[in-house]
Amino acid sequence: MAKPGHSWSRAPARKEEEEEEEEGEDPLDARIARTGCLEQHRELQECMEQHRDWRHCQAQLRAFGACMARREQRER
């Protein structure tokens with residue numbers, strides 16, 4: 001049986017993302033930081049690390065989703 005939690009993988013890094021990785025910054029964190037939702041994402045990650053089950057992190061998940069939705073609305 002699979003362990004609870006997530007197990008997704010990312011697409012191969014592009015050249016600019018590879019350069020960011022060399023500088024020590026996670027390209028996914030950099031992309032999320034540009035959305036303005038990095039704090040909510042980190043809170044969600046911390047909850048996932050602590051509980052290892054997204055069902056225990058619903059408040060953080062909703063906060064991150066709401067932040068991303070606000071960002072999408074601003075871009076329209």
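Arg-52 sits in the loop between H3 and helix H4 (58-75), where helices (H or I, at least four residues) and strands (E, at least two) are DSSP runs numbered from the N terminus. The phi of Arg-52 is near 60°, a positive value in a residue other than glycine. Most residues other than glycine have a negative phi. Arg-52 counts as exposed at 54% relative accessibility, given that exposed means over 50% relative accessible area, buried means under 20%, and partly exposed lies in between, with a 1.4 Å probe and protein chains only.

The model is predicted, and local features need pLDDT of at least 70, side-chain atom pairs count only at pLDDT 80 or more, and totals for chains, interfaces and linings use all residues. Residues are numbered from 1 along each chain as its sequence is written, and side-chain values use heavy atoms, with hydrogens and water left out.

**Overall picture**

The protein has four helices and zero strands, and along the sequence the pattern reads α-α-α-α. Of the 76 residues in the protein, 22% are buried. The accessible surface comes to about 6,400 Å², of which 47% belongs to carbon and sulfur atoms; such areas come from the Shrake-Rupley method with a 1.4 Å probe, and for residues only the protein chains shown count as cover. Among contacts between residues at least 6 apart in sequence, 33% join residues at least 24 apart, a contact being heavy atoms within 4.5 Å.

His-41 is found in helix H3 and, with a relative accessibility of 9%, counts as buried. Not counting residues up to four places away in sequence, His-41 touches Asp-29, Ile-32 and Phe-64. His-41 and Cys-67 are 26 residues apart in sequence, while their C-alpha atoms are 9.4 Å apart in space.

Asp-29, one of the residues touched by His-41, belongs to helix H2 (residues 27-33). Asp-29 is buried yet has no salt bridge, and the nearest side chain of opposite charge, Arg-42, is 4.2 Å away. A salt bridge here is a side-chain nitrogen of Lys or Arg within 4 Å of a carboxyl oxygen of Asp or Glu. Leaving aside residues up to four places away in sequence, Asp-29 touches Leu-38, His-41, Arg-42 and Gln-45.

Helix H3 (residues 38-51) also holds Glu-43, which is partly exposed with a relative accessible area of 37%. Together with Glu-39, Glu-46 and Glu-49, Glu-43 forms a negative surface patch. Patches are made of residues with over 30% relative accessible area and no salt bridge, like charges being joined within 9 Å and nonpolar side chains (Val, Leu, Ile, Met, Phe, Trp, Tyr) within 5 Å. For charge, Lys and Arg count as positive and Asp and Glu as negative, while His and the chain ends are not counted, and the place of a charge is taken as NZ of Lys, CZ of Arg, CG of Asp or CD of Glu.

**Salt bridges**

Side chains of opposite charge can pair when their charged atoms come close.

| Residue | Partner | N to O distance |
|---|---|---|
| Arg-55 | Asp-53 | 2.7 Å |
| Arg-71 | Glu-75 | 2.8 Å |
| Glu-72 | Arg-76 | 2.9 Å |

Arg-71 and Glu-75 are separated by about one helical turn, because they are four residues apart in helix H4; Arg-71 is partly exposed at a relative accessible area of 25%, and Glu-75 is exposed at 55%. In the remaining pair, Glu-72 counts as partly exposed at 42% relative accessibility, while Arg-76 is exposed, with a relative accessible area of 69%.
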